[in-house]
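Hi there,

Here is the structure I promised to pass on to you. Please have a look at it first, and then read my notes below.

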Amino acid sequence: MSGPPVVLLVDDERAGLQLLSALLDRQGYRVITAETASKARELLTSEAFDLAIFDVHLPDGDGLDLCRKTIGEPLHLDVPVLMLSAETDVAVKLAAFEAGAVDYVTKPYSRQEVLARVR
């Protein structure tokens, strides 16, 4: 892929979505956003991404299921998935890793930490 790295950012909290999108944009990433699992699935069938960041809880689905489907799609086999959630339960974190996530960041997050993990 040429050009800036492309990040799919999926979060149902609009303010958080806009904040993280702007942060990544300022760092040179091209960010495509979705507020629902259904919109994310639609984007996953038509766009190529270098990284996916999913919230665990979405209004119409589950970020863990979205993670499983992402890494199962031929277009996204090598795309790392980072989970971003206010959920601090260790069982949920472990489920995220079992679903294929490479990292898990708890909200509220430090901007520097998220950028380091994205890199």
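Val 10 stands opposite Ala 34 in strand S2. This belongs to the pairing of strand S1 (residues 6-10) with S2, which run parallel and are joined by five bridges. Two strands count as paired if DSSP finds at least two bridges between them, and the helices (H or I, at least four residues) and strands (E, at least two) are DSSP runs, numbered from the N terminus.

Before going on, please note that this is a predicted model, where local features need pLDDT of at least 70, side-chain atom pairs count only at pLDDT 80 or more, and totals for chains, interfaces and linings use all residues. Residues are numbered from 1 along each chain as its sequence is written, and side-chain values use heavy atoms, with hydrogens and water left out.

Now the sheet. Five strands form an open sheet in the order S2-S1-S3-S6-S7, with parallel pairing. S2 (30-34) and S7 stand at the edges with a single partner strand each, so one side of each has no neighbour in the sheet. From one strand to the next, the twist averages 20°.

Leu 82 stands opposite Asp 103 in S7. The chain gets from S6 to S7 through helix H4, in a right-handed β-α-β crossover (with the strands pointing away from the viewer, the path from the first strand over the helix to the second runs clockwise). In the loop between S7 and helix H5 (111-118) you will find Pro 108, which is joined to Lys 107 by a cis peptide bond with omega of about -5°.

Helix H1 (residues 14-26) lies across S1, S2, S3 (51-55) and S6, at about 165° to S2. Helix H2 (residues 37-46) lies across S1 and S2, at about 135° to S2. Axes here are lines fitted to C-alpha atoms, for helices over the stretch in contact, and angles run from 0 to 180 degrees between N-to-C directions.

How do the helices pack on each other? The axes of H2 and H3 come within 11 Å and cross at roughly 5°, which makes H2 roughly parallel to H3 (angles under 35 degrees count as roughly parallel, over 145 as roughly antiparallel, 65 to 115 as roughly perpendicular and the rest as oblique). Ala 37, Ala 40, Arg 41 and Leu 44 in H2 meet Leu 66, Lys 69 and Thr 70 in H3, where contact means heavy atoms within 4.5 Å.

Helix H3 (residues 63-72) also packs against H4 (residues 90-99), at an angle of about 15° and with the axes 9 Å apart. H3 and H4 are therefore roughly parallel to each other. Leu 64, Cys 67, Arg 68 and Ile 71 of H3 make the contact with Ala 95, Ala 96 and Ala 99 of H4.

Leu 19, Leu 20, Leu 23 and Leu 24 of H1 meet Arg 111, Val 114, Leu 115 and Val 118 of H5.
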